[in-house]
Amino acid sequence: MHQPVMGLTPPSPVQPTIDIEAPGARHGHLRLPWSRNDSAWGNLMIPISVVVGGPGPTALITGANHGDEYEGPLAILDLAQALRPEEVTGRVILLPFMNYPAFRAGTRVSPIDGVNMNRCFPGGPDQSITRQIADFVFRALVSRADIVLDYHSGGRTLDFLPFAASHVLGDPDHDARCSAAARAFNAPYTVKMLEIDNVGMMDTAVESLGKTFVTTELRGGGTSTAESVGVARKGLRNVLIHAGILDEPPQVGPSRFLDMPSLDCFTFAREAGLLEMLVDLGQPVRRGQTIARIWPVDRSGAAPEPCMAGLDGVLAARHFPGLVQPGDTVSVVAVEDAEAAAG
Ligand code: CA
């Protein structure tokens with residue numbers, strides 16, 4: 001039987017190897033039993049760092065919710081080796097590779113159970129590995145946090161404009177706290193998202209507790225760039241400053257405010273084939289404009305299938321590799337948010 005850890009009822013199979021309460025900087029693992037052919041009584045060892053200073057708020061920072069997204073892990077690793085308890089008012093919990101098996105495999109979902117971590121929250125202690133990790137993160141770490149920053153990027157199949165985002169939640173105070181934190185991140189773009197398929201997302205689970213939640217999309221394509229990692233690093237410090245955890249001047253540059261108001265933002269592929277983008281990220285588009293074409297790959301001499309924008313805005317995301325399948329998201333158009341820019 002599992003021993004109860006960190007006051008969890010029912011107990012979690014996850015055992016942290018470090019104390020996350022006492023002052024100081026500690027680096028260890030979340031140890032999760034994983035019995036398999038090459039290690040009968042083996043464990044998953046998921047890296048975690050905790051930096052605890054004087055009394056104050058707790059921030060939980062997570063990367064690699066999806067295993068093929070790299071800006072978050074890089075920003076978190078950098079902070080974990082640099083941050084000193086003397087700099088911290090409160091506590092910073094750093095989980096650079098939340099879905100560790102997926103991260104090690106370089107895949108979006110876990111190779112162990114095939115589960116997408118961002119569709120399995122709040123998880124459960126008696127369920128499959130990815131759900132066990134989600135359950136521990138939710139009950140032991142999110143529950144202790146005042147603010148949560150969960151990094152995303154496009155992964156191997158999408159490329160995004162670099163943005164920090166908050167969701168439209170319906171409660172004005174909660175909306176204001178989350179959108180202020182997304183603004184504080186100060187990515188080149190700041191986005192308000194109406195989440196269309198939010199069941200099982202970490203976002204939804206964290207928000208259901210009334211916590212301040214910020215997420216990102218910082219490019220993609222299954223890699224990172226000097227620019228995108230710079231945005232991730234700067235944003236992390238800025239969010240900790242905003243939370244009152246770090247006391248230093250924020251680095252603030254221009255940010256454009258965008259809105260993703262409806263399903264009309266999305267264009268999905270109707271055919272399989274070779275993708276030709278006619279517009280690049282950040283460029284303006286008009287409703288009805290052909291923003292991409294899909295060429296047939298089983299014959300020549302045939303016309304391509306046009307992909308149209310559903311509304312006026314800027315191209316905020318695109319499919320990444322050259323080949324598409326029916327149902328793939330080809331593009332996401334976001335709308336300039338004049339109200340947020342003025343506010
Ligand atoms: Ca993602």
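Start your tour of this predicted model where its two domains meet: 13 residues of domain 1 are in contact with 13 residues of domain 2.

Now show the surface between the domains. About 1,000 Å² is buried there, and carbon and sulfur atoms give 71% of that area. Next, select Leu158, Asp159 and Leu161: they supply 42% of the area that domain 1 buries against domain 2, more than any other three residues. If you look for salt bridges between domain 1 and domain 2, the count is zero.

Your next stop is the calcium ion. Which protein atoms are its donors? Select ND1 of His66, the OE atoms of Glu69 and ND1 of His152; these donors lie 2.3 to 2.7 Å from the ion. Along the chain, the donors follow the spacing H-x2-E-x82-H. Glu69 sits in the loop between strand S4 and helix H1, and His152 in the loop between strand S6 and strand S7, so this pair ties together parts that are 83 residues apart in sequence. Are the two buried or exposed? Glu69 counts as buried at 3% relative accessibility, and His152 counts as buried at 5%.

Finally, find the open sheet of four strands, in the order S16-S15-S13-S18, with antiparallel pairing. Strand S16 (305–308) and strand S18 (323–324) stand at the edges with a single partner strand each, so one side of each has no neighbour in the sheet. Zoom in on strands S13 (273–277) and S15 (290–295), which four bridges join. Here Glu276 stands opposite Arg293 in S15.

Methods:
Residues numbered from 1 in each chain as written. Predicted model: local features only at pLDDT ≥ 70, side-chain atom pairs only at ≥ 80, totals over all residues. Heavy atoms only, no water. Donors = N, O, S within 2.8 Å, 3.2 Å for Na, K, Ca; no water. Helix = DSSP H or I, 4+ residues; strand = E, 2+ residues; numbered from the N terminus. Buried < 20%, exposed > 50% of the residue type's maximum accessible area, 1.4 Å probe, protein only. Pairing = 2+ DSSP bridges. Contact = heavy atoms within 4.5 Å. Buried area = accessible area lost by both parts, 1.4 Å probe. Salt bridge = Lys/Arg side-chain N within 4 Å of Asp/Glu carboxyl O.
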